[in-house]
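The sequence and structure come first.

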Protein chains: 2
Amino acid sequence: MIDDATQRPGGRTARVRAAVLTATLQELAQRGYAGMSVESVAQRAGVHKTTVYRRWATKPNLLMDAIATLAETKISVPDTGDLAEDLRSFARTIATTITGHDGGAVVRGLFSGATESSEVRDFLHGFWAGRFAQVRPMVERAIGRGELPTDTDADEVIKHVGAPLYYRLLVTAEAVTSEAAELAADSAVAAARAGVFRRRRPSSGD
Amino acid sequence: MIDDATQRPGGRTARVRAAVLTATLQELAQRGYAGMSVESVAQRAGVHKTTVYRRWATKPNLLMDAIATLAETKISVPDTGDLAEDLRSFARTIATTITGHDGGAVVRGLFSGATESSEVRDFLHGFWAGRFAQVRPMVERAIGRGELPTDTDADEVIKHVGAPLYYRLLVTAEAVTSEAAELAADSAVAAARAGVFRRRRPSSGD
């Protein structure tokens, strides 16, 4: 699948890949997934379209590779000894990250292709599972300290920290402030402490 | 701004408006905001593009009018006498609504233009303010019953119910189930009861 003999790091292959993935992110930000095409990415990257077709073959592959490059970045996992402080710090990092690329346009574009196909959805589920696994220790340590019930679903805690921030970015078009980040973290902590995220939840009585 | 003398309800003007707004929603679902154009909407609606230009003038106007048609639908506001039950019912309605149109593609498309301009952002803020105002009585009644602190920010409670559902739809590409809806509602209720959404929040100590 590699169309160039030069495969050493920093060689032409690596440069082409970097240029194409950067162009993909820019196209996603400007046109969204639906408006992007293999041709428009190739043109923006300054690469012949047959090069892009040979290596990525389809538009979903470009999207998935662009998301995968994000997965290569490590998330810093705070460990202050207090869940609320850890999650507030984590939430502020999310707020900074999702507004950092063109004020959220890249994030908006990246996820605008999420309904493309079951292949892309499966890929996204794997991407998020990997991200959640990286930060799960914050919740596990809190369980170990006795701050939370032992059967707390750590991933649900993490999701409820991030959700209000993406909601402001993608739905209500509000600023994703550090104040909003701390509110999201505090909300998830309060719910987790109350046992809302326990794996076996008590029946609601309805 | 009306290009047709027949303005009675159900006349040509109303039919053209309905066709154009339906076409706008379909274009948003299939191409996203960035990929949609006044021409593509006119073509899909079977209307001459000058008709669309005369009445809506710009693509942002089409988007805002499409969102405004959603605002015409009334939200049913449960009143069971218990905040948790009310918010669970409300959350299930959100889940059904946002996945009901092409499995969320319309919702995804509608908000994909949210970063277009400050005009569109201001419009969205007004749209959401109107939606939140409709359902705020659920929280106000709970305050009246003594279920929540009197200085609870009702809109933040409402936002934290909806956010995890839009997050599953737009970010993690997970199914927006009634179980997820109830979890989101219970989380917001627990946080509200703990005082997280009070307007004057205690300092975090950091």
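## Nonpolar core

In this predicted model, the largest nonpolar core comprises 138 residues, and A:Tyr166 and B:Tyr166 have the most contacts inside it. In soluble globular proteins, nonpolar side chains tend to be buried together.

B:Tyr166 touches residues of both chains, leaving aside those up to four places away in sequence. From chain A these are A:Tyr167 and A:Val171. From chain B they are B:Ile94, B:Ile98, B:Val107, B:Phe111, B:Trp128 and B:Val171.

## Helix pair in chain B

Helix H1 (residues 12–35) and helix H2 (residues 38–45) of chain B pack with their axes 8 Å apart, at an angle of about 120 degrees. H1(B) is therefore oblique to H2(B). The crossing of H1(B) past H2(B) is right-handed.

On the H1(B) side, the contact is made by B:Ala19, B:Val20, B:Ala23, B:Thr24, B:Gln26, B:Glu27, B:Gln30 and B:Arg31. H2(B) contributes B:Ser40, B:Val41, B:Arg44 and B:Ala45. Sorted by class, the H1(B)–H2(B) contact has five nonpolar, four polar and three charged residues.

Most residues other than glycine have a negative phi. A:Ala173, although not a glycine, has a positive phi of about 55 degrees. A:Ala173 lies in the loop between helix H8 (154–172) and helix H9 (178–193) of chain A. With a relative accessible area of 10%, A:Ala173 is buried, because the cut-off for buried is under 20%.

In chain B, phi of B:Ala173 is also positive, near 55 degrees. B:Ala173 is placed in the loop between helix H8 (154–172) and helix H9 (178–193) of chain B. B:Ala173 counts as buried, at 10% relative accessibility.

Terms used
Residues numbered from 1 in each chain as written. Chains lettered and ligands numbered in written order. Predicted model: local features only at pLDDT ≥ 70, side-chain atom pairs only at ≥ 80, totals over all residues. Heavy atoms only, no water. Core = buried A, V, L, I, M, F, W, Y, C linked by side-chain atoms within 4.5 Å. Buried < 20%, exposed > 50% of the residue type's maximum accessible area, 1.4 Å probe, protein only. Contact = heavy atoms within 4.5 Å. Axes fitted to C-alpha atoms, helices over the stretch in contact; angles between N-to-C directions. Helix = DSSP H or I, 4+ residues; strand = E, 2+ residues; numbered from the N terminus. Parallel < 35°, antiparallel > 145°, perpendicular 65-115°, else oblique. Left-handed = near helix turned anticlockwise from the far one by under 90°. Nonpolar A, V, L, I, M, F, W, Y, C, P; charged D, E, K, R; others polar.
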